[in-house]
Amino acid sequence: MSLPVIDVRGLHYTYPDGTPALRGIDFQLAAGESVAILGANGSGKTTFLLHLAGLIRGEGDLRIGGIPLSDDTLSDVRGKIGYVFQDSDDQLFMPTVLEDVAFGPLHNGMDPAESLRRAHEIIATLGITHLANRAPYHLSAGEKKRAALAGVLVMKPEVLVFDEPTTFLDPPGQNDLARLLSALPQAKLIATHDVYFARRVAKRAVFFADGRIAGDGPVEAVADRFHWRLG
Amino acid sequence: MGHSLRLDEWARGASRLHRLDARAKLIAVLLFLIAVSTTPPAAPLALLPIAALFAVALWLSALPAAELLLRTAIVLPFPAFFALISWLQNGNAASASALVGRSYLSALAVALLMGVTPLPEILRALRALGAPAVLVMVLQSLVRYLQLVVDHALRMRRAALCRDAGALPRRNRQSLWHRASGALAVLFGRSYARAEGVHHAMLARGFRGDFVSLHPAAFTTRDWLFLAGSSLAIAAARLAPQVAL
Amino acid sequence: MECMHIPDGILSVPVWATLNAAAVPGVGWAVRRARQGLAEGHVPLLGVMGAFVFAAQRMNFPVVFGASGHLLGGALLSMTLGPGAATIVLTSILILQSLLFQDGGLLALGANTVNMAIIGVWAGWLPYRFLSNGNLRTLGVFAGGFLSVFAAAAAAICELRLSGVPMNAAIVGVSTAVFVATAVLEGLITVAVLQAVERLNPGWLRKPQGLPNRSAGLLATVSVLMMIGGVLYISALPDGLESLAARLGVASREQLLFAAPMADYEVPFLAGEWGRKALGGLAGLTIIYGLCLTVGRLLVRQRSA
């Protein structure tokens with residue numbers, strides 16, 4: 001087997017107020033693999049994901065695409081991780097969709113013309129060319145999610161990280177997103193409460209409880225073992 | 001809020017003025033404002049040629065003229081107040097009406113600018129004309145999150161009203177005061193959390209603390225012609241009364 | 001607040017041009033100060049807090065007989081984000097109010113920025129800075145809120161007076177009374193909101209470094225008050241500001257600055273008073289533009305050095 005794109009060993013993190021959030025996480029994600037992260041609110045899912053982009057720094061060994069995460073490698077690592085945040089409004093901070101998508105390339109040393117060209121290209125791929133000059137405030141939740149994804153894909157990341165991607169989406173929007181995700185070749189890590197969605201986009205699931213990985217296996221088996229279903 | 005939304009809606013039009021570069025329009029408006037500001041303090045008639053120029057621009061913009069004139073009239077109370085004082089004190093009606101005229105005409109020019117130019121373009125033009133990147137970025141995120149924060153405030157107020165349903169209309173003033181400050185503190189906290197999320201999203205996409213801006217497209221011949229033409233017209237309109245006298 | 005946004009067309013050319021020229025280095029300095037105080041360019045915080053102030057200005061606080069007031073926010077921002085950041089946030093708010101609502105003029109932007117974003121913010125910060133660690137803390141917060149509004153209003157009156165807007169003692173007196181009421185309200189709201197914010201998370205408040213210095217705090221408060229009083233008193237005197245300006249040589253220097261560059265170019269139709277004023281305005285704007293660029297360059301160089 002080739003080198004895992006995400007390799008986490010013994011990750012610990014304690015909030016500034018002293019509450020432990022992660023108590024020893026070991027996790028590997030293979031290239032092209034999709035894994036769902038299940039678990040209760042406050043079990044450490046988001047905290048774990050934020051570590052992958054170096055937005056929170058805990059103790060432990062973290063390698064992304066073979067690069068160990070440190071102050072010096074921070075920008076390389078962030079280039080490999082495409083992070084899609086739960087609230088698209090946090091992510092779409094520029095005045096228009098096009099400017100937002102161009103933000104990443106522009107701030108990684110690409111010249112403005114090339115940044116714009118790539119932004120146009122990715123927007124067309126995701127079928128949202130008609131939104132290019134719109135302000136994010138006026139978009140629907142599904143359109144926002146696509147725009148946010150465009151801003152991440154334009155960086156050509158190796159891994160995509162999704163935090164609760166189905167929040168605010170109506171059922172057709174969730175279907176769209178599931179189809180879109182399945183078609184993307186990158187390795188994916190998807191934190192979600194929706195087992196049905198998880199099953200559509202991933203084969204494997206890990207279950208977070210109290211800052212640890214309490215279970216790891218096929219989505220169905222993990223969901224059954226932790227009674228993680230509606231009804 | 002309604003006024004700015006209407007301007008925003010107009011700004012998406014496609015008249016000859018809409019299609020010009022925002023920098024050209026911004027500079028033309030500044031020249032216009034200077035021309036207005038330098039008219040003699042007690043000669044309201046000197047404003048007429050400049051007002052005529054504004055009328056031409058308004059016609060070119062194809063915006064609903066009456067509505068623009070009416071909406072912008074909200075700026076009138078302030079100059080009207082001082083005009084009244086000056087009139088009562090000196091009995092000088094000419095300088096009083098010139099004061100109101102200058103204020104109204106200046107506000108109209110800015111309203112017209114915003115009616116033919118989307119705000120994001122204005123902000124990019126500001127950056128291209130040399131405004132500090134940090135200030136422009138703050139302006140951008142302020143505009144971006146203004147409506148979201150205001151929406152949040154309105155939702156909080158609705159929730160508070162729901163809880164009050166059936167309560168006595170006249171409430172203890174102290175508790176109202178207490179609740180208003182509490183609500184503002186919660187809104188403050190939400191805004192802080194929002195900023196935190198936005199900051200994370202920026203860092204995750206490679207932001208390292210220095211801004212790079214997409215500059216507006218290059219000035220076209222049309223923009224140069226507009227700038228030259230409007231400058232000349234403004235100068236002529238400003239100087240005409242003096243030459244005629 | 002609305003009554004403090006000076007529109008275009010009222011200030012005289014020397015007044016708005018001078019204040020624009022003063023606002024540029026003031027805001028430039030604030031940008032530099034804020035950059036040092038914010039981790040990793042945490043600029044979104046300033047933008048979102050600006051949005052918060054906009055929203056907060058629509059939240060009513062009951063006062064008396066059904067009348068209500070609202071927060072203006074200058075002092076609150078300086079106590080939570082620090083004065084440098086507060087200046088930037090308020091400047092951005094003023095720019096947007098002027099563009100979107102024509103609330104305050106574009107040429108008068110410098111005047112409004114100096115009044116509210118610079119004078120108001122610092123008058124709001126000083127009492128807090130020196131009193132917030134001691135047992136006079138609540139007084140410091142109140143004084144901050146009060147002075148931020150009162151000082152800005154006094155500066156606005158002074159500028160209008162300098163521009164030749166006629167004001168007798170009665171008008172200055174009545175306006176002062178209105179401003180005092182607004183300022184007291186701002187002080188009270190600032191105290192209430194700051195306490196509520198602190199209950200949620202004490203980390204959101206600026207902790208001034210250094211020892212609490214009660215006498216410095218009271219001294220700062222009293223001296224700002226006396227300055228405001230002096231400005232208002234002179235404004236109320238007939239021709240008070242004009243004679244003062246003449247005595248200090250301000251007027252002649254203004255004429256020198258704006259008229260001198262043009263004096264050699266006595267083109268016939270530019271010879272009149274209005275021609276000099278027009279060119280003076282243009283020259284002023286060019287100088288401001290040059291200052292903007294220079295300050296911007298310097299900041300960039302300092303950062304990359």
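**Notes on a three-chain model**

1. Let's start with one residue: S230(B) sits in helix α10 of chain B. Helices here are DSSP runs of H or I with at least four residues, strands are runs of E with at least two, and both are numbered from the N terminus. S230(B) counts as buried because its relative accessibility is 14%; the cut-offs are under 20% relative accessible area for buried, over 50% for exposed and partly exposed in between, with a 1.4 Å probe and protein chains only. In sequence, S230(B) and A57(B) are 173 residues apart, yet their C-alpha atoms are 9.6 Å apart in space.

2. Before going on, some housekeeping. This is a predicted model, in which local features need pLDDT of at least 70 and side-chain atom pairs count only at pLDDT 80 or more, while totals for chains, interfaces and linings use all residues. Residues are numbered from 1 along each chain as its sequence is written, chains are lettered from A and ligands numbered from 1 in the order in which they are written, and side-chain values use heavy atoms, with hydrogens and water left out.

3. How many residues of chain B are in contact with chain C? The number is 78, and they touch 80 residues of chain C; contact means heavy atoms within 4.5 Å. About 7100 Å² is buried between the two chains, and carbon and sulfur atoms give 79% of that. (Buried area is the accessible area, with a 1.4 Å probe, that two parts lose on being put together, summed over both.) W177(B), L184(B) and F188(B) supply 11% of the area that chain B buries against chain C, more than any other three residues.

4. What about polar links across that interface? The rule finds 0 salt bridges between chain B and chain C, a salt bridge being a side-chain nitrogen of Lys or Arg within 4 Å of a carboxyl oxygen of Asp or Glu. There are 3 residue pairs in polar contact, both partners at pLDDT 80 or more. A polar contact is a pair of N or O atoms within 3.5 Å; within protein, one must be able to donate a hydrogen and the other to accept it, and residues adjacent in sequence count only if both atoms are side-chain atoms.

5. Which helices of chain B make up this side? Those that each supply at least two residues include α1 (2–10), α2 (22–37), α8 (133–164) and α10 (221–244). The biggest giver is α9(B), with 23 residues. By class, the side of chain B that touches chain C has 51 nonpolar, 20 polar and 7 charged residues. Here Ala, Val, Leu, Ile, Met, Phe, Trp, Tyr, Cys and Pro count as nonpolar, Asp, Glu, Lys and Arg as charged, and the others, Gly among them, as polar.

6. Now look at chain B with chain A. This contact takes 28 residues from chain B and 30 from chain A. The area buried between them is about 2700 Å², with carbon and sulfur atoms giving 60%. R144(B), R205(B) and L214(B) supply 32% of what chain B buries against chain A, more than any other three residues.

7. The rule finds 5 salt bridges across the interface of chain B and chain A. In one, the side chains of D100(A) and R205(B) meet at 3.1 Å, N to O. On the chain B side, α7, α8 and α9 each supply at least two residues, and the largest share, 8 residues, comes from α9(B). That side divides into 13 nonpolar, 6 polar and 9 charged residues.

8. Have a look at Q91(A), in helix α3 (residues 88–91) of chain A. Is Q91(A) buried or exposed? Q91(A) is buried, since its relative accessible area is 0%. Its side chain reaches the backbone oxygen of Y83(A) at 2.9 Å. Leaving aside neighbours within four places in sequence, the contacts of Q91(A) include D100(A) and R205(B).

9. Chain A as a whole has 9 helices and 10 strands, and 55% of its 231 residues count as buried. Chain C has 11 helices and 2 strands, with 56% of its 305 residues buried.

10. A last word on confidence: pLDDT is the predictor's confidence in each residue, from 0 to 100. Chain C has a mean pLDDT of 76, and 70% of its residues reach 70 or more. Over residues 244–271 of chain C, pLDDT stays under 50, and the model has 24 contacts beyond four places in sequence for them. Residues 300–305 of chain C also stay under 50, with 3 such contacts.
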